[in-house]
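Student: Hi! Could you walk me through this one, residue by residue?
Tutor: Happy to. Here it is.

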Amino acid sequence: GLGLAAPRLELALAGGRVAYRGSGTVPGRLGGGAADTARFMLSADGPRLRVVSQRDGAGSAGPAVLSVLEDAGGGELKTIATLPNARRPEPIGKPDERVHAVRFVGARAYVVTFRNIDPVYTIDLADPADPKVLGALEVPGFSERLVPLTDTLLLGVGHDSVPWQGADLQTGVLVSLIDVADPARPVERARRTIGGRGSRSTSDLTPHGVTVVRAADGRFRVSLPVTVHDGDAW
């Protein structure tokens with residue numbers, strides 16, 4: 001909830017030993033659509049820790065908060081930036097959405113939130129003290145896995161959806177190719193929906209469920225086992 005703060009610990013590894021360095025807090029909690037989303041919501045960047053947390057019941061504030069913490073010494077991880085903030089109030093996500101996928105790639109973060117459609121947000125982290133939302137892509141369905149293919153291409157794996165009684169109804173397994181060459185204007189270059197409602201892929205269970213290999217000719221080969229159901233969406 002909004003009143004909760006999730007602790008974050010820093011441990012130092014040296015000479016085969018683990019030493020406690022400090023702790024800090026961020027609003028909300030780790031976790032999202034997939035059972036193991038939390039592992040992708042943390043990213044180390046030198047002395048800094050970048051975190052995307054989920055705020056349940058956030059309403060108009062949006063479901064996601066990005067925090068940047070820095071090792072201040074003395075056992076403290078000090079928050080040096082959060083997003084949204086007073087200077088950059090644009091929410092990450094829409095009311096009543098949940099965080100479904102997070103991926104940090106270099107100086108950028110990509111965040112997927114979802115209720116009826118899939119907003120994919122691109123966030124600039126080049127200045128750790130001043131992160132900013134650069135752009136967003138809204139398409140039907142949602143990704144629960146974001147796999148970087150190149151510096152400018154992301155593979156999204158999740159489920160397609162159709163609107164039903166004011167909510168979303170999941171249908172088949174969705175595989176999409178997202179172009180982030182212009183982070184202010186991400187574009188979905190291609191998509192494919194496999195099966196109908198009830199279809200599942202190994203990616204639903206583990207991030208290792210989708211395997212990507214780049215062949216000698218530069219093309220990517222994607223392995224994604226899918227259990228297909230061809231029933232109606234309803």
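Tutor: Let's begin with Arg50, which is found in strand 4 (residues 48-54); strands here are DSSP runs of E with at least two residues, helices are runs of H or I with at least four, and both are numbered from the N terminus. This is a predicted model, in which local features need pLDDT of at least 70 and side-chain atom pairs count only at pLDDT 80 or more, while totals for chains, interfaces and linings use all residues. Residues are numbered from 1 along each chain as its sequence is written, and side-chain values use heavy atoms, with hydrogens and water left out.

Student: Is Arg50 buried or exposed?
Tutor: Arg50 counts as buried, at 6% relative accessibility. Buried means under 20% relative accessible area, exposed means over 50%, and partly exposed is in between, using a 1.4 Å probe and protein chains only.

Student: Which residues is Arg50 in contact with?
Tutor: Leaving aside neighbours within four places in sequence, the contacts of Arg50 (heavy atoms within 4.5 Å) include Met41, Asp45, Ser67, Phe104 and Leu125. Gly106 is also among them, and its backbone oxygen lies 2.9 Å from a polar atom of the Arg50 side chain.

Student: And how far apart are Arg50 and Glu70?
Tutor: They are 8.9 Å apart in space, C-alpha to C-alpha, and 20 residues apart in sequence.

Student: Switching to salt bridges, how many are there?
Tutor: The count comes to 11, where a salt bridge is a side-chain nitrogen of Lys or Arg within 4 Å of a carboxyl oxygen of Asp or Glu. In one of them, Arg48 pairs with Asp45, the closest N and O atoms being 3.6 Å apart. Arg48 is partly exposed at 21% relative accessible area, and Asp45 is partly exposed at 26%.

Student: What about aromatics, which residues form a pair?
Tutor: The count comes to 1 aromatic pair. Phe114 and Phe142 form it, with 4.4 Å centre to centre and 40° between the planes, so it is classed as tilted: ring centres of Phe, Tyr or Trp (its six-membered ring) must lie within 6.5 Å, and planes under 30 degrees apart count as stacked, over 60 as edge-to-face and the rest as tilted.

Student: Where do those two sit?
Tutor: Phe114 is in strand 8 (residues 108-114) and Phe142 in strand 11 (residues 142-148), so the pair links distant parts of the chain, 28 residues apart. Phe114 is buried at 4% relative accessible area, and Phe142 is buried at 1%.

Student: How many residues are in the largest nonpolar core?
Tutor: That core has 17 residues, and Val52, Leu66 and Phe104 are among those that touch the most other members. A nonpolar core is a set of buried Ala, Val, Leu, Ile, Met, Phe, Trp, Tyr and Cys residues joined through side-chain atoms within 4.5 Å. Strand 5 (64-73) and strand 7 (98-105) are among the strands that each supply at least two residues of it. Apart from it lies another core, of 10 residues, including Leu137 and Val180.

Student: Last one: which peptide bond is cis?
Tutor: The bond from Leu83 to Pro84 is cis, with omega near 5°, and Pro84 is in the loop between strand 6 and strand 7.

Key. Polar contact = N/O pair within 3.5 Å; in protein donor to acceptor, adjacent residues only side chain to side chain.
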